[in-house]
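Hello,

Here is the structure I promised to pass on.

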Amino acid sequence: MVQTWVPADIVPRELAPGVTARIASGEKVMLSLVTLAPNAVVPDHAHPHEQMGMMVSGAMELTVAGETCTLSGNAIYLVPGGVPHKAVAGPEGAVALDAFSPPREEYR
């Protein structure tokens, strides 16, 4: 059976002030389309799930284990499970598509 989602039809979940996610989950993987308002901050946090993402639009600074890089274009990034990380959107905001494995139960 094919399961489909239209992001515009998914109720956004607020992750932090100015940061929302539209989440779709399967049994073993979860996708999260994250929209960050200009200069919005995803505070430093860690979770046991491996997280891989790709920039869709805009720019953001991603800090993983104290190392910061600026992402834009279609940059792809990886955050290992259990590693502290945070993100700060650029002045025009950002959109990123994140995948989590296993899915984050608190977001189902």
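Below are notes on pockets and salt bridges.

This is a predicted model: local features need pLDDT of at least 70, side-chain atom pairs count only at pLDDT 80 or more, and totals for chains, interfaces and linings use all residues. Residues are numbered from 1 along each chain as its sequence is written, and side-chain values use heavy atoms, with hydrogens and water left out.

Pockets. On a 1 Å grid over the protein atoms alone, a pocket is an open set of points where a 1.4 Å probe fits, with protein on both sides within 12 Å along at least five of seven lines; lining residues have an atom within 4 Å of a point.

The largest pocket has a volume of about 300 Å³, meaning the space filled by probe spheres set on the points. Its lining has 23 residues. Leu15, Val42, His45, Gln51 and Asp98 lie nearest the centre.

The second largest pocket holds about 180 Å³. Its lining has 14 residues, with Trp5, Ala24, Leu31, Ser32 and Leu97 closest to the centre.

Salt bridges (a side-chain nitrogen of Lys or Arg within 4 Å of a carboxyl oxygen of Asp or Glu). The whole structure has two. Arg104 pairs with Glu106 at 2.8 Å, N to O. Arg104 is buried at 8% relative accessibility; Glu106 is partly exposed at 40%. Arg108 pairs with Glu105 at 3.0 Å, N to O. Arg108 is partly exposed at 49%; Glu105 is exposed at 53%. Buried means under 20% relative accessible area, exposed over 50%, partly exposed in between (1.4 Å probe, protein chains only).

Best wishes
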